[in-house]
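Hi everyone, thanks for coming.

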Amino acid sequence: MDNRIYDMIVVGGGPGGYTAALYAARAGLDVAVLEKLSAGGQMAMSQQIDNYPGFEEGIDGFTLAEKMQAQAERFGAVTEYAEVSKIDLTSNPKVIESSEGTFYGKTVVISTGATNRELGVENEQELVGRGVAYCAACDGMFFKDMDVVIVGGGNSAVADALVLSRIAKKVTMVHRRDTLRATLVYHNQLMNTENIEIRWNSAVSELLYDDELTGVVLKNVNTGEESLVACQGLFISVGRIPATELVRGQLELDSSGYIVADETTRTNIPGVFAVGDVRTKRLRQVVTAVADGAMAVHMAEEYLASEN
Ligand code: NAP
């Protein structure tokens with residue numbers, strides 16, 4: 001560890017982070033990616049990514065992550081396997097403390113991502129990729145003409161239910177209350193879609209499976225009555241948890257904890273950029289994360305030029 005000041009420190013080695021590193025390195029910037037485990041973030045957990053252009057047979061997320069890392073490193077980006085413990089974005093240069101020492105950056109890209117909120121039902125994690133999924137846009141296609149259940153009552157759940165209704169044979173939407181949290185504009189669309197059935201006041205209490213998911217047990221939260229719904233897919237859409245604890249109090253966050261930044265990726269602190277799932281945006285996908293990474297470097301170059 002030395003006191004080297006990087007042009008850019010990227011916190012989090014997901015697709016957005018490594019795209020920022022690639023663009024920065026190719027632009028001649030001195031860039032380091034701090035990643036606690038291995039490249040890819042949430043993407044690395046995905047067994048099959050079919051909606052990232054350029055891979056006509058699809059590709060698994062872990063391999064795609066390795067490729068993104070290798071591509072950035074080919075141009076000189078450095079990866080430090082380090083767990084970040086503290087970030088000071090207000091100083092100049094910005095200071096990042098980690099398990100591997102302190103790093104200094106003229107600019108910082110926050111690409112720490114977000115995790116799916118789990119239902120907490122038994123065997124949920126074991127069945128991911130075997131029927132349990134968290135993203136209709138990513139995994140809906142695997143359930144073509146099958147029966148699926150979706151849990152949640154927010155905008156994401158309703159949007160996902162509508163996406164799934166065009167792919168699956170039948171969609172059963174399960175919500176723990178008797179009113180949706182989703183905005184009114186969605187309600188009519190949902191009620192008028194023939195192959196969507198809503199089960200109000202209900203929670204998934206058990207997952208049924210052999211090798212793969214075969215059904216779920218629903219429990220009425222008021223009466224305790226249980227019923228069985230046969231299905232091949234269970235989509236859980238009960239919110240996501242952005243990894244923003246390290247920047248809370250420094251960067252402006254929205255009410256759900258996402259870093260407030262538009263498509264320029266600029267945050268309220270000059271020289272600090274938020275890319276990928278961690279920032280406020282409408283569509284959280286690999287393809288939108290990588291777009292953010294490129295944009296962050298464009299804006300960082302502008303910032304660095306203005307500082308000189
Ligand atoms: P959200 O608005 O927080 O909704 C989460 C839903 O999951 C709620 O209906 C909640 O039930 C339910 N839920 C939470 N924990 C649960 C649990 N343990 N078991 C069962 N159900 C549970 O999250 P989101 O839908 O992911 O949306 C996140 C943000 O993005 C929101 O601000 C949303 O408006 C925005 N968004 C907007 C659009 C759009 O088209 N405008 C699309 C997607 C997302 P309760 O209602 O009972 O709390």
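This is a predicted model: local features need pLDDT of at least 70, side-chain atom pairs count only at pLDDT 80 or more; totals for chains, interfaces and linings use all residues.

Okay, let's start with N195. You'll find N195 in the loop that joins α5, residues 184-191, to β11, residues 196-199. Its side chain gets to the backbone oxygen of A168, at 3.4 Å. If we skip the neighbours within four places in sequence, N195 touches A168 along with S165, K169, K170 and V171.

Now the ligand. Which residues are closest to the ligand? Those are N155, S156, R176, R177 and R181, out of 13 that surround it. By class, that shell splits into three nonpolar, six polar and four charged residues. R181 has a polar side-chain atom 2.6 Å from one oxygen atom, and for N155 the distance to a ligand oxygen is 2.8 Å. Then there's Y186, with a side-chain N or O atom 3.1 Å from an oxygen atom of the ligand. On its own, the ligand has 920 Å² of accessible area, and the protein covers 70% of that.

Last stop, a helix pair. The axes of α1, residues 15-26, and α6, residues 286-307, come within 7 Å and cross at roughly 35°, and that crossing is right-handed. On the α1 side we have P15, G16, T19, A20, Y23 and A24, meeting V286, A289, V290, G293, A294 and V297 of α6. What classes are in that contact? Nine nonpolar residues, three polar and no charged ones.

Methods
Residues are numbered from 1 along each chain as its sequence is written. Side-chain values use heavy atoms; hydrogens and water are left out. Helices (H or I, at least four residues) and strands (E, at least two) are DSSP runs, numbered from the N terminus. A polar contact is a pair of N or O atoms within 3.5 Å; within protein, one must be able to donate a hydrogen and the other to accept it, and residues adjacent in sequence count only if both atoms are side-chain atoms. Contact means heavy atoms within 4.5 Å. A residue is near a molecule or strand if one of its heavy atoms lies within 4 Å of it. Accessible areas come from the Shrake-Rupley method with a 1.4 Å probe; for residues, only the protein chains shown count as cover. Ala, Val, Leu, Ile, Met, Phe, Trp, Tyr, Cys and Pro count as nonpolar, Asp, Glu, Lys and Arg as charged, and the others, Gly among them, as polar. Axes are lines fitted to C-alpha atoms, for helices over the stretch in contact, and angles run from 0 to 180 degrees between N-to-C directions. A crossing is left-handed if the near helix is turned anticlockwise from the far one by less than a right angle, and right-handed if clockwise.
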